[in-house]
Amino acid sequence: MTQIISGRDISTEIRAELREKVSVLKSDYGVTPGLATVLVGSDPASQMYVGMKNKAAQAMGIHSEQLTLETETSEEELLGAVEELNGNPEIHGILVQLPLPDHIDEARVIEAIDPSKDVDGFHPISVGRLATGSGDYFAPCTPAGVVEMLVRSGHDPAGKHVVVVGRSNIVGKPAAALLMRKAVGGNATVTIAHSRTKDLAAVTRTADILVVAMGRPEMITGDMVAEGSVVIDVGTNRVDDETREKGYRVCGDVLFDEVKVKAAAISPVPGGVGPMTITMLLANTVKSAGISVGSVV
Ligand code: NDP
């Protein structure tokens with residue numbers, strides 16, 4: 001029978017571990033991990049994501065602060081707010097919700113975050129440290145969640161051929177970097193595929209583990225995967241569906257019912273990678289608080 005890799009269950013397991021760590025940090029080190037989220041504008045999806053992150057942090061005993069700024073906020077004002085959070089000793093993690101309004105240079109804002117508080121893992125220093133395997137850094141949350149799902153479901157990528165479909169800076173590239181690094185959850189032989197890849201199916205069929213982050217609803221079909229492979233679907237797409245009350249349904253980049261028949265293990269959408277992203281944000285915040293007091297909890 002095909003194993004369903006539930007991000008929801010693995011998330012619950014990790015959050016229980018984190019709750020323990022938070023309690024040790026409080027009792028033994030006198031520090032409460034602190035997360036600051038910064039939201040610019042009133043995009044409903046961004047508002048929802050930031051709300052979910054704060055709620056999850058609070059449920060964990062993490063101190064969380066949300067800074068909400070108007071859409072018209074200038075880049076300088078936003079940089080000033082980031083600078084203030086950099087200097088705030090109660091804050092160990094800073095998350096600026098993306099995308100930012102068009103008049104603000106996202107790269108400049110990300111680079112303004114103190115790398116020791118960069119719990120999203122998007123600062124060039126974090127990216128560089130992940131690539132070189134040196135120093136303390138925070139791995140980007142979604143790909144870090146993918147690695148946790150593989151390891152905790154019994155599919156350590158070491159020595160396996162992993163094909164990652166997608167090369168974005170937030171998912172595809174860091175997923176490949178994590179999976180190839182010399183560390184637990186790494187040591188895989190990694191191939192990255194993208195929109196210019198010739199004969200995508202021929203490449204995906206060579207995967208022991210297939211990680212899909214394309215943003216193309218249900219594009220990976222049964223004939224594109226190897227018998228007995230492990231498939232992690234990062235895709236989160238809304239497609240019209242008049243049979244649903246809301247008029248849409250959420251699906252992944254993988255045609256679940258077809259691929260499930262061939263795969264040994266597969267993650268669903270929803271309930272797969274989605275819940276892991278916030279969990280890894282919490283994990284990075286707890287790790288940051290631990291580093292700040294020299295603890296390795
Ligand atoms: P991007 O659009 O930034 O990147 C998509 C990647 O897929 C690109 O590298 C693109 O190639 C590649 N691609 C697109 N079409 C094809 C194709 N036909 N064949 C091969 N490769 C293709 O998306 P993201 O990485 O930001 O996100 C990917 C998916 O993951 C989305 O559905 C997103 O919603 C979801 N996501 C889910 C998260 C979660 O928490 N669960 C978090 C983040 C993302 P090229 O570079 O050549 O254009």
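Biologist: Hi! In the protein chain, what share of the contacts with a separation of 6 or more comes from residues 24 or more positions apart?
Modeller: That share is 70%, where contact means heavy atoms within 4.5 Å. This is a predicted model, so local features need pLDDT of at least 70 and side-chain atom pairs count only at pLDDT 80 or more, while totals for chains, interfaces and linings use all residues. Residues are numbered from 1 along each chain as its sequence is written, and side-chain values use heavy atoms, with hydrogens and water left out.

Biologist: Thanks! How many helices and strands does the protein chain have?
Modeller: There are 10 helices and 11 strands. Both are DSSP runs numbered from the N terminus: H or I of at least four residues for helices, E of at least two for strands.

Biologist: And what is the radius of gyration of the protein chain?
Modeller: The value is 19 Å, which agrees with the figure near 19 Å for a compact globule of 297 residues. The radius is taken over C-alpha atoms, and the globule rule is 2.2 Å times the number of residues to the power 0.38.

Biologist: Moving inside, which residues have the most contacts in the largest nonpolar core?
Modeller: Those are Ile62, Leu179, Val211 and Leu282, in a core of 47 residues. Such a core is a set of buried Ala, Val, Leu, Ile, Met, Phe, Trp, Tyr and Cys residues joined through side-chain atoms within 4.5 Å. Buried means under 20% relative accessible area, exposed over 50%, and partly exposed in between, with a 1.4 Å probe and protein chains only.

Biologist: Which helix gives the largest share of this core?
Modeller: Helix 10, with 9 residues. The core also draws at least three residues from each of domain 1 (29-126) and domain 2 (141-273), with bounds from an automatic or database domain assignment.

Biologist: What does isoleucine 62 touch?
Modeller: Not counting residues up to four places away in sequence, its partners include Val22, Pro33, Leu35, Leu282 and Val286.

Biologist: New topic: is serine 153 buried or exposed?
Modeller: Serine 153 is buried, at a relative accessible area of 15%. Its place is in the loop between helix 6 and strand 5.

Biologist: What does the side chain of serine 153 reach?
Modeller: The backbone oxygen of methionine 149, at 2.6 Å. Leaving aside neighbours within four places in sequence, serine 153 is also in contact with Gln3 and Ile5.

Note on methods:
A polar contact is a pair of N or O atoms within 3.5 Å; within protein, one must be able to donate a hydrogen and the other to accept it, and residues adjacent in sequence count only if both atoms are side-chain atoms.
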